[in-house]
Structures are given as C-alpha cells and as structure tokens.
Amino acid sequence: MTRNLMRKIIAIQLLATFILLFVSKAEAQQQAKIFKIAWLAIGSATSISRYQALRRILPDLGYVEGKNISFEFRSADNKLDSLPALADELARLDVDVIVTRGTPEALALKNATRTIPIVFYDVTDPIAAGLVDSLARPGGNITGFTGLEAVLAGKRLELLKETVAKLSRVAVLWNPQDLSSAQQWKESQLPARELGLQLHSMEISSADKYENAFRAAVKARSGALAVIAGGLEDSNRQKIADLATKTRLPAIYPRTNFVDSGGLMSYGRDQEEALKRVTIMVDKILKGTKPADIPVEQPTKFEMAINLKTAKTLGLTIPPLVLMRATKVIR
C-alpha cells in the first residue's frame with residue numbers, strides 16, 4: 001500500500017468519524033429538546049379538566065412529560081382584568097405554543113405576543129373578534145377550533161320551546177364583559193322572535209350576582225332559562241344549576257357537565273372532539289407548521305344530555321321526541 005493511498009484512507013476515516021460525531025450530536029440535541037406548552041385559563045375547575053385532558057391525549061402522539069414536553073398553567077380565577085398580565089407572563093417564558101379556551105383569553109394573548117403560536121378551542125366567532133383573517137387562512141400566529149355557539153344559542157331556545165309547554169318568556173344568562181357571550185346574546189334575538197319567545201336579560205359579570213339575577217328572572221315571570229356559553233358560567237355551573245332548580249326554572253345549558261352537576265338539559269358541540277383536534281393542531285405546530293397555515297376548524301359532532309332526576313324534581317315531563325334525541329340521559 002502506497003503512502004498516498006494510506007493518507008487517503010486515513011482522511012476518509014477521519015471525515016467519516018467527524019460526520020458520525022456531528023450527526024450524533026445533532027440527534028442528541030434534537031432528542032434533548034423539551035417543548036413547552038402553556039395554558040391560559042379564565043376560570044379554574046373546568047379549565048383544569050380541559051388542561052388535564054390535553055395532557056392525557058398528547059402521549060398518544062409521542063409526547064412524554066419530562067422527556068420531550070413540559071407544561072405551564074395560568075388561571076385568572078374568573079377575573080377578566082387579570083388576563084393581560086398573565087398573558088404577558090406566559091409570553092416572557094419563551095414557550096413553544098399557548099393553548100386557551102375562549103375569546104377574552106385569546107385576545108389577551110394576541111396583545112401579548114405576535115410570534116408565539118396560539119391555539120384556541122372555544123371561540124364563538126374568531127373573525128368578528130379580530131383573531132384571524134378567515135377560517136381557511138387564519139394569518140398571523142393564531143388558529144384553533146370555533147364552537148359555533150352563536151348558532152347553537154338559537155337551537156337551545158328551540159329545544160326549550162319543545163320541552164316546556166306554553167313557554168313564552170325565557171331568561172338568558174350571559175356575561176356582558178365577554179365578547180363571545182355578548183355576541184351569543186345578540187344572535188339569540190332573531191330565533192327568539194321566530195319562536196314567539198320574549199327574552200329576559202340576565203347580565204352577570206361576577207359570581208356574587210347570581211342569586212339576585214335569578215330572583216329578578218322569576219319576578220319577571222320567566223318560564224325557563226337558557227345559559228350562554230362562557231368561562232364565568234362554566235366555572236360556576238354547580239351554583240347555576242342549583243339556583244335553577246331552587247327557583248324551579250327549567251334550564252338548558254351549553255355543556256354536558258352542567259347536566260352532570262344537576263342541570264336539566266344541554267345541547268352543544270362534542271367536547272372530546274374539540275380537544276382531540278386542538279391537540280393535533282398543537283402537534284403540527286411543534287413539528288414546524290405555522291398557525292397561519294392551519295385552518296380554523298368547526299364542530300362536526302354534537303351532544304345533547306338530559307337529567308331525568310332534575311326533570312322529576314321540577315315536575316316536568318320530557319316529551320318523547322325530545323328525549324329520543326338525547327345522546328346522554330341521567331336517570
């Protein structure tokens with residue numbers, strides 16, 4: 001073997017060793033990457049359950065907490081004025097993506113960062129709220145899942161009309177400080193007129209006002225109650241369900257968990273579907289897809305729950321045609 005050939009062989013071996021070390025180092029760095037997912041909540045109990053659900057679903061996509069993913073959770077404890085500071089705090093943590101529920105939280109995050117990806121899972125109308133340019137092409141750093149709550153508000157009034165005989169006046173519980181809630185209240189007006197229903201406004205922006213609002217609704221001779229979807233209502237669902245039963249107001253809610261808490265009936269999008277699809281969006285973002293390129297999705301599955309125990313307490317018989325449409329019945 002000549003000296004030149006020996007030198008070439010040694011050079012090739014050294015180059016191969018260098019490439020191997022470089023690739024191994026790059027793989028080690030990639031494996032060592034721990035993605036940070038933040039969650040901003042307006043309320044506490046319900047948001048925590050959704051947050052825990054996200055943590056439960058992510059392992060199915062290959063994420064292991066402590067190995068390649070970590071979490072940050074912040075709650076405003078139903079204080080809307082706390083959201084901006086919490087959003088700023090999360091933006092400073094250099095997280096990879098922030099997940100949140102509704103319009104107030106998403107708006108606070110948008111004001112806090114235009115670079116960190118944001119994914120929402122329950123914004124009524126993200127275009128009207130100024131969060132995205134369009135559903136197909138969100139633009140910017142925000143995408144998510146819209147719950148179509150403004151449309152469903154009318155459907156709930158229709159179900160109340162079918163359930164409560166001779167119903168003419170419905171109290172509507174909503175939060176004027178929540179843009180999404182206010183929009184649902186507005187969108188309820190037309191279907192109410194078409195159904196021949198008068199609406200009594202129960203404008204509540206803090207939990208300590210509920211009891212007086214229920215007394216006022218009864219005094220206004222409301223025959224039933226429709227609860228509009230919102231973070232404040234979701235966090236106080238047990239209190240609302242108890243007051244509805246106490247004041248003998250047949251009520252319809254936006255989520256099944258209200259019925260689990262003793263509410264009469266609910267109609268809304270499938271919660272599990274929304275969380276699964278939002279989790280897939282988070283996975284895409286962590287793998288490099290920009291939120292601007294991920295279309296905002298809409299629900300395809302809906303669920304209706306009825307609590308027959310509560311109906312019996314209220315002395316109400318659920319019509320068979322209504323009962324047969326329920327996807328969940330508590331007996």
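**Strands first, then charges**

Analyst: Begin with pairing. Strand 1 (residues 35–41) and strand 3 run parallel, joined by 4 bridges. Keep in mind that this is a predicted model.

User: Which residue of strand 3 is the bridge partner of Ala38?

Analyst: Ala38 is partnered by Ile98. Ile98 also has a bridge partner in strand 4, Ile118. Strand 4 (residues 118–123) is parallel to strand 3, with 3 bridges between them.

User: What unit do strand 3, helix 4 and strand 4 make?

Analyst: A right-handed β-α-β unit, with helix 4 spanning residues 103–112.

User: How do I read the two faces of a strand?

Analyst: Side chains in a regular strand alternate between the two faces of the sheet. Now take strand 3 (residues 97–100). Val97 and Val99 lie on one side, Ile98 and Thr100 on the other. All four are buried, so both faces are covered.

User: On to charges. How many salt bridges does a search of the whole structure find?

Analyst: The search finds 15. Read each one by asking where its partners sit. Glu158 and Lys155 form one, with 3.6 Å between the closest N and O atoms. Both belong to helix 5 (residues 149–163). They are 3 residues apart, about one turn of the helix.

User: Are Glu158 and Lys155 buried, exposed or partly exposed?

Analyst: Glu158 has 31% relative accessibility, so it counts as partly exposed. Lys155 is at 26% and is partly exposed too.

User: Which parts does the pair of Lys328 and Asp260 tie together?

Analyst: First the contact: their side chains meet in a salt bridge, 2.6 Å from N to O. Lys328 is in strand 12 (residues 328–330) and Asp260 in helix 11 (residues 256–260), so the pair ties together parts 68 residues apart in sequence. Lys328 is partly exposed, at 33% relative accessible area. Asp260 is partly exposed as well, at 44%.

User: Asp283 and Lys287 also meet in a salt bridge. Which of the two is buried, and which is exposed?

Analyst: Asp283 is buried, because its relative accessible area is 9%, under the 20% cut-off. Lys287 counts as exposed, because its 61% is over 50%. Their N-to-O distance is 3.3 Å.

User: Which residues are linked in a network of salt bridges?

Analyst: The network links Arg101, Glu105, Asp122, Arg255 and Arg269. Glu105 falls within helix 4 (residues 103–112). Asp122 falls within strand 4 (residues 118–123).

Definitions and conventions: Residues numbered from 1 in each chain as written. Predicted model: local features only at pLDDT ≥ 70, side-chain atom pairs only at ≥ 80, totals over all residues. Heavy atoms only, no water. Salt bridge = Lys/Arg side-chain N within 4 Å of Asp/Glu carboxyl O. Helix = DSSP H or I, 4+ residues; strand = E, 2+ residues; numbered from the N terminus. Buried < 20%, exposed > 50% of the residue type's maximum accessible area, 1.4 Å probe, protein only. Pairing = 2+ DSSP bridges. Right-handed = clockwise from strand over helix to strand, strands pointing away.
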